[in-house]
Amino acid sequence: MTETITRPQATSPATPAAGARGLTTAQGAALYVGAVLGTGVIALPALAAQAAGPASLIAWLGLVLLSVPLAMTFAALGARHPDAGGVSTYVRLAFGPRAAAAIGWCFYFAVPAGAPAAGLFAGAYVEAAVGGGQRTVLLTAAALMVAVTAVNTFGVTVSGRVQLVLAVVLVTLLLTAVLSAAPHGDTANLRPFAPHGWLAIAPAAALLVWSFAGWEAITHLAADFRRPERDLPRAAAIAVVVVGVLYLSVAAAGILVLGPQATSGAPLARLLEIGLGGPASALAAAAAVLMTFGTMNAYYSSAAKLGAALGRDGALPSWLARGASAGDVPRRSLAVTSGLATLAMVAVAVTGTGAEPLVLLTTGMFVAVYGLGTAAALRLLPRGTAARRHAMVALVAVVGLLAATGWYLVWPLVITAGALLYHRRRNRSATA
């Protein structure tokens, strides 16, 4: 079968039924903040500090700067081509259905792999507050997965309202932690600045990709915005500022205030304890649970929509296609996402796998998504526009991230092979 690739025109913005419903700019910004901020801020400052010491701040700054072209690139694509397929749709328009299937699978199957790691991060904070060991950690993770699935069965509008409330609470908590602890900072904690050498910044950046994955996630919900061409870029711009300020503030406070203790497993709890006085483990646990819920909520919403779009486009079984249209709830795809995440959680419980390998496996797939997504943007976005210039900068930066990810890129290659095999078998069945 011959596949013809034509240069697409801008898709007409698809709006939710009745026109008055759908995501607002504020709700969209909250979904972005939840997708990008979330679990990274409660655990990854410690992991990055372990890898590179105070020099990890350079990795944080680099990824904040990278967020600007990434966010603007995907927001421009979403505004121009609002569709539940998100990055998969952009890649299909630019490079054809095979590439779209591969990148769609990478995103769709990254979410169930990352969900247990996110839940474990929150569970560690809850366990520190109430005790109970690994049992508490696992039960917290499982409860979060159930709650997120339940919220998303009501649709993206309800999910967006919940996310807006969460975003306000989370920003308040993080600012409280940073501002209250800041007077206790000491610049002596910046020395030695690179105790593990300057090259250690690269593995720290590979870990931190988890913290910044999410700029592509909300594109799957672009058609569910009231006015995608206006609201999506505005939501992305607001989120870039909020996320960048909060990430840099928390990371810097962790190094300056905690010093050697910045590598501990719960830096946010320590900042709250120092800033507010006395034990603050319960408050930190509440913040961790809320942040994790926000991240999982955004990703479950996006993955469910994507799965339905992949079923519609033939990259996954057509049984999943229900719910791909704007305003519809993709319950079948959501059930698959939730079921796969549950299986991954059971595997984690049985094997005792820690969070760090899961983080790197998941971020390896997201870096692959970024790579092909930004390449597609160079073909789809008009020449001479700011959005296309952002895409060029983002693609160069993503190539560097691919090198830093190392052998964890094997997993997206395996997923890609599976997608191509499925695509080939489906085409053979259709022409038989």
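User: What volume does the largest cavity have, and what makes it a cavity?

Analyst: This is a predicted model, in which local features need pLDDT of at least 70, side-chain atom pairs count only at pLDDT 80 or more, and totals for chains, interfaces and linings use all residues. Residues are numbered from 1 along each chain as its sequence is written, and side-chain values use heavy atoms, without hydrogens and water. The largest cavity has a volume of about 200 Å³. It is called a cavity because, on a 1 Å grid over the protein atoms alone, a 1.4 Å probe fits at its points but cannot get out. The volume is the space filled by probe spheres set on the points, which are joined across faces, edges and corners.

User: Which residues line the largest cavity nearest its centre?

Analyst: G114, A118, W210, T295 and Y299 do, out of 21 lining residues; a lining residue has an atom within 4 Å of a point. Helix α5 gives the most, five residues; helices are DSSP runs (H or I, at least four residues) numbered from the N terminus.

User: Why is V396 called exposed?

Analyst: V396 has a relative accessible area of 61%, and exposed means over 50% (1.4 Å probe, protein chains only), with buried under 20% and partly exposed in between. V396 is therefore exposed. V396 lies in helix α14, residues 386–405.

Note on methods:
1 Å grid on protein atoms, 1.4 Å probe; cavity = no way out; pocket = protein on both sides within 12 Å on 5 of 7 lines; lining within 4 Å. Helix = DSSP H or I, 4+ residues; strand = E, 2+ residues; numbered from the N terminus.
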